[in-house]
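Thanks for coming. I will go through one model today, element by element, and you can follow along on the screen.

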Amino acid sequence: MAKEIRIALRNSGLINPESIQEYISADGYQALRKALRSEPIGIYEEIYDSGLRGRGGAGFPTGTKEKAAALICSNCEKFVVCNADEGEPGTFKDRIIMETDPHTLIEGMVIAAYSIGASRGFIYIRGEYELSIKRVQLAIEQAYQHGFLGENILGSNYNFDLEVRRGAGSYLCGEELTLIESIEGKRGYPRIKPPFPAEKGLWGAPTLINNVETLANFPQIILNGAKWYRTIGTEGSPGTKIFTISGDVNKPGYYEFPMGITLRELIFDVAGGIRNGKPFGAALLGGAAGTFASEKHLDVHMGYDKLKEVGLTLGSGAVIVMDATRDLNKIMLSILKFFKHESCGKCIPCRVGTSHLYQALNEALQQPHFSFESLYPNLIKQAEIMARTSLCPLGQSPILPLRSLWENLSESLIMK
Amino acid sequence: MAKVKIYIDGKEILANENGNLLYEARANGIDIPGLCYHHKLSPTGACRLCLVKVEGMRGLVASCTLTVKEGMQVTAFDNELEETRRFLLDYLISEQNLEYDGTYNDELRDLMFRYGLDKSENRHFSPLSPAKFKIDSSSPVLSYDPSKCIKCFRCIKACDEVQGKNVLSFNERGINSYIVAGTGVWGESECDGCGECIQLCPTGAIVEKPNREKIKLDKIEKRVRTTCPYCGVGCQIELLVQDGKIVRSNGVEGVLPNNGRLCVKGRFGYEFVHSPERLTSPLIRKNGALVEVSWDEALDYIAHRFLEIKQKYGSDSLAGYASAKCTNEDNYIFQKFIRLAFGINNIDYCARLCHASTVTAMLKSIGDGAASNSIEDFENTECLIATGNNIIETHPITATYVKRGAAKGMKIIVIDPKWTPLVQYATVWLQPRLGTDVALLNGMIREIIANGWIDTGFIEQRVEGGMKAFLELKQLVEKYTLENTEKLTGVPVEKIKEAAEIYGNAKTAMVATGMGMSQQVTGTHNVFSLLNMILIAGKIGKERSGINPPRGQNNVQGATDVGCHPALYPGYIPVSNAENRKHVAEVWGVPLDDLPDKPGLTTVEIMKAAYDGKIKALYIMGENPMISDPNLNHTEEALKKLEFLVVQDIFHTETTKFAHVILPASSWAEKNGTFVNSDRRVLRVRKAVESPGQAREDWKIIHEIAKRMGVNFPSYADESEIFDELASVTPIMAGISHKRLEHHGIQWPCPTPDHPGTSTLYLDKFNTPSGKAKLFPVEYVEQSERATPEYPFILNSGRILYHYHTGTMSRRNKTLTGYTNQPYLLMHPNDAKKLGIEDNELVRVISARGHLSTHIRISPEVLEGELFMPWHYTESQVNRLTRDELDPYSRIAPFKLSAVRVEKIYT
């Protein structure tokens, strides 16, 4: 059985998250101390070399973003933003980090900020995450008291201020430019991209925006080096990943494993197999904006590139498991309902398309008999045009579950 | 602008570098579809119809979000793109209510036909079950139908980016989203009815209410471009005429001064033109009653009476009021008439009561009594001082430039005893007690000098007397220390410091000075003090720096420009200038002796002379002194004493009650000619509709009277010939003709036909004899009128957004009166408490001159001890209370400062 390796979750459950002393005793803020002794270039080069990729779902190389934000200008105002608006269904990894080890996130953020030359940062936390908000806020206060935040951090002449912003219940605000609009006090609508946040982000200033889990990897990479990090995981996807497994399994929960673990290991070893001894049906990887894996994918290695090769996505690391008795049409319908509900309405393809997709499937499911062969290809055609024409990732997403469901599991759809 | 080569579908196009790709493509005849883009707005990228392919870019990209770059290779039309667009339109149509009533331009409908989606067999999507949308028709001017809304953001951006009002937003989200004003009900929001959102709405979602049942776009007979008849911004409007009547007014896009923007009056204030109350026949008072007569009878009678009085009492007994509402051509003919037919320079008009002091000070100090800079400078300057100028309400479109500047970081200093909406955009608001402006400005000057924020180079090179003159000013302001200034004005030291620091350190700065400064007995000194500050800081004589006095009426600038002034011939040439009189006599074809060379009487002086029995006959064209003059009880007596009063107007007014003859004139929409706006821009006025009944153009009436008095004017074929004559005696307009004004206005001075006009004055020299500006150090003098135990309050007066001057025009528009139509008196809550007066209670306001009754509006917008009233309302005539004591230099009256008491009325 594969062995759990904890990097982002290394203190989770081991220390009192409300005690900075316990964090410090567990080598806390040592990475920051080390970082502040080196030049910023050393930091982002280290992250770049580590091969760390964005853990929010897109998997973009973190070092590339960081480098761009660092080099775009010097002596100019910059920001670091942490995307903690965890809204992808089935995903709860960021919550666990914030609830059980908030200082790891803060330490990661100060390191990231120092490396690009930002003096101010924001953690944008999903509004429903009451405990996360409470613990992160407390940790920020403690960090200020201990000189890890504020002016002249650890005697380095480097200043950095950090504050929490609460989300207000919009899935779309997890999209980076929409999140930035929201921090600016505006309604959560996506911006035109480009410019990317590293060029023009918060209040028009260069902004580095990273997911909680991504930032939580920073301290250990800085402490132990890129080389060490690359010994874990796979070549294309170094390091570990937190998987949040839910659905029809015996042991749902969060687990941090090196990249490359197979889906079979995750479901049958780690999560204790399918509940009630039923046969495996399907797994939705990465949440609503994710893809359906079928039995034939059980031995695929979980990493960005390997999954892409078979048309799947790693996404946020959510694994929603369905036993073979589940009606996948109904699950698809609930996904489409979710997109319809969360579409902001700014662009036509997403606003109208999410409604049409839901309406078409819903009407079909009310019929005693309907033709899957004509329904799904039609839905997929619409979703493809949506993907090509939508303004932001939301409208580009419905194609993922739709196409993967039809391609991988059409037989079980028709049988129902 | 630099050009770059780009290629669209293989066609080479010369585009503006860094231009918007969609804009440039369309400008070159490549009609890429799109609904959310508008050239005045930032790109939104919402409708996705303008998607194109660009070499080197992944996938499809919205052309409205791209910037043109040299060598760009674009595919705008191919099968895939067109099919994608048809698909998206098909989508859009499936959520839309497609009803169309023919009263608005529908860009979605046009695209529907273009893509064949008008035929249901070409559509692939069944209508989405519509949300339960409700039409919001609570606004007096517009209604919003969410079922026709395509959620393009154009209205929101029209309100935010164009007008700076930020009233609109979306409610709900996704397919259920719809526009709300304020917190949800349009009529209860801060929307002021400018209608920019209507103009930019691409569908029938936001439509205007007036003429809703009547208008049919396919029945529009003509669209006439002309100039707005309200304030002095000079907005270019397009009037739509159907069945001989104006049914709509739109802003003209792409031309200055307004670039399509309008305010509520410009868009909805045309209704008065077709009012059944218009004067349609000449009227002579016979045995006390007004009787309809023929034009011949009226004109003969007038000529006969004027000649009779001239013979009996001499030329000194005659006078005329010209009109800031009439065209340059009308006013030019009027002043020519007064000078030749009456043989005297007794010609003046309401400019005397508005910016006379400003003009006097500016003429002496810098050489021209007009705006030094262009309207765009209000957006592009770093700093603005708005002093005594409620610019958002009185000059709403100039204010849009200010608000757009504020959004980009312009610092705004408001100096006003009363809160104005601009305070919401201001960095600092100085609230001096009424009548203490000189003290405040001297205090600011002292602070600027003390901190070394002066421009020594400018003072040495461009100010008469250089540093020596400066030192005199420095010495005079020495005693206006911050503490003293606070004591005199009530403005806290910190705020004076902050304002001086902002202005003193700004690289560029504009000043807008209004009636609050000018309408005082110290009006000229107020403006001198302001100019002193501007000059020592070197903030004039360059782009984006200067002083603009926004003019109150559509042609208040032009009427003086063309000689409606007792001391100046056209072009600001003194009546005493023999050389000029000789030239004018030649052009007019009269002996030199026929041109009077002594300055005549000013407005209030004419009224006083009438009261004293010295003026016997008065010819009033388009003015209503019985509301607009100070000390109306005195004015009323004066008018009653006249032996002969002719009033030429479009309506019965408070003044026509005293007239012996009333002549029906054409309104602005019924005539051709020109106006001059606040930034010296000469703009065309064009006839849109016929005059009602027998009403005639003003200049034609004057022409006839002149003829019957034996003064022969040339027979002008049309207004352009009058303008040509006018230009030949007005050097600042010598290069302008109607022909040159066909497409856009020209800013004077424009001395020759190939001169482009002048956007900024004094770039090289000032227009004074020495070519340098002059400092006029002035002391603060306490007001003669002050609060006493008998009259414990100081009353201020002014305008509001929805009404205009004496209300003759604005109060005959249901859309405008739908917003507000009631006089009121603003009083500070503490004063109301002391007097035991409740909000909306009826009170009597009494001054030493007269009294009125009105309703109280309790508000901290005014200081304790001070009051404010709008002066538009005949039922509560503020000028019954004001004084006719005059500023000795400019003869302006102090409308802004009257001691009064307020009494409860027990009913």
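This is a predicted model: local features need pLDDT of at least 70, side-chain atom pairs count only at pLDDT 80 or more; totals for chains, interfaces and linings use all residues.

Arg285(B) stands opposite Leu290(B), which sits in β14(B). The two strands here are β13, residues 283-286 of chain B, and β14, residues 289-292 of chain B, and they pair in the antiparallel sense over 4 bridges. Their hairpin has 2 residues between the strands, and Asn287(B) takes a positive phi near 50° there.

Next, a helix pair in chain B. Helix α7, residues 295-313, and helix α25, residues 698-708, have axes that come within 9 Å and cross at roughly 55°. That makes α7(B) oblique to α25(B). The crossing of α7(B) past α25(B) is right-handed. Which residues meet? From α7(B) there are Leu299(B), Asp300(B), Ile302(B) and Ala303(B), and from α25(B) there are Glu704(B), Ile705(B) and Arg708(B). By class, the residues of this contact of α7(B) with α25(B) are 4 nonpolar, no polar and 3 charged.

Still in chain B, there is an open sheet of 3 strands, ordered β27-β28-β29, with antiparallel pairing. At the edges stand β27 (673-676) and β29 (746-747) of chain B, each with a single partner strand, so one side of each is left without a neighbour in the sheet. Strand β28, residues 681-685 of chain B, is joined to β29(B) by 2 bridges, and these two run antiparallel. Val682(B) has Ile746(B) of β29(B) as its bridge partner.

As for domains, chain B is divided into domain 1 (3-122), domain 2 (142-274), domain 3 (283-354 + 554-747), domain 4 (356-442 + 492-548) and domain 5 (793-904). How far apart are the C-alpha centres of domain 1 and domain 4 of chain B? They lie 44 Å apart.

Now chain A, beginning with a helix pair. The axes of α3 (residues 40-50) and α6 (residues 102-116) of chain A come within 7 Å and cross at roughly 120°. Here α3(A) passes α6(A) in a left-handed crossing. Pro40(A), Ile43(A) and Tyr44(A) of α3(A) make the contact with Ile111(A), Tyr114(A) and Ser115(A) of α6(A). The residues of this contact of α3(A) with α6(A) divide into 5 nonpolar, 1 polar and no charged.

Chain A also has an open sheet of 5 strands, in the order β6-β5-β9-β7-β8, with mixed pairing. Its edges are β6 (253-258) and β8 (291-293) of chain A; each has a single partner strand, so one side of each is left without a neighbour in the sheet. Direction ignored, neighbouring strands of this sheet are turned by 30° against each other on average. Within the sheet, β7 (residues 280-285) and β9 (residues 318-323) of chain A run antiparallel and are joined by 5 bridges. Leu284(A) stands opposite Ile320(A) in β9(A). Helix α11, residues 263-270 of chain A, packs on the sheet and touches β5 (240-247), β6, β7, β8 and β9 of chain A. The direction of α11 makes about 115° with that of β7(A).

Last, the contact between the chains. How many residues does each chain give? Chain B gives 25 residues and chain A gives 20 residues. On the side of chain B that touches chain A, the elements giving two or more residues are α2 (79-94) and β7 (168-171) of chain B. The largest share of that side, 6 residues, comes from α2(B). By class, the side of chain B that touches chain A has 13 nonpolar, 8 polar and 4 charged residues.

Definitions and conventions. Residues are numbered from 1 along each chain as its sequence is written. Chains are lettered from A and ligands numbered from 1 in the order in which they are written. Two residues are in contact if their C-beta atoms, placed from the backbone, lie within 7 Å. Ala, Val, Leu, Ile, Met, Phe, Trp, Tyr, Cys and Pro count as nonpolar, Asp, Glu, Lys and Arg as charged, and the others, Gly among them, as polar. Two strands pair if DSSP finds at least two bridges between them. Domain bounds come from an automatic or database domain assignment. Axes are lines fitted to C-alpha atoms, for helices over the stretch in contact, and angles run from 0 to 180 degrees between N-to-C directions. A crossing is left-handed if the near helix is turned anticlockwise from the far one by less than a right angle, and right-handed if clockwise. Angles under 35 degrees count as roughly parallel, over 145 as roughly antiparallel, 65 to 115 as roughly perpendicular and the rest as oblique.
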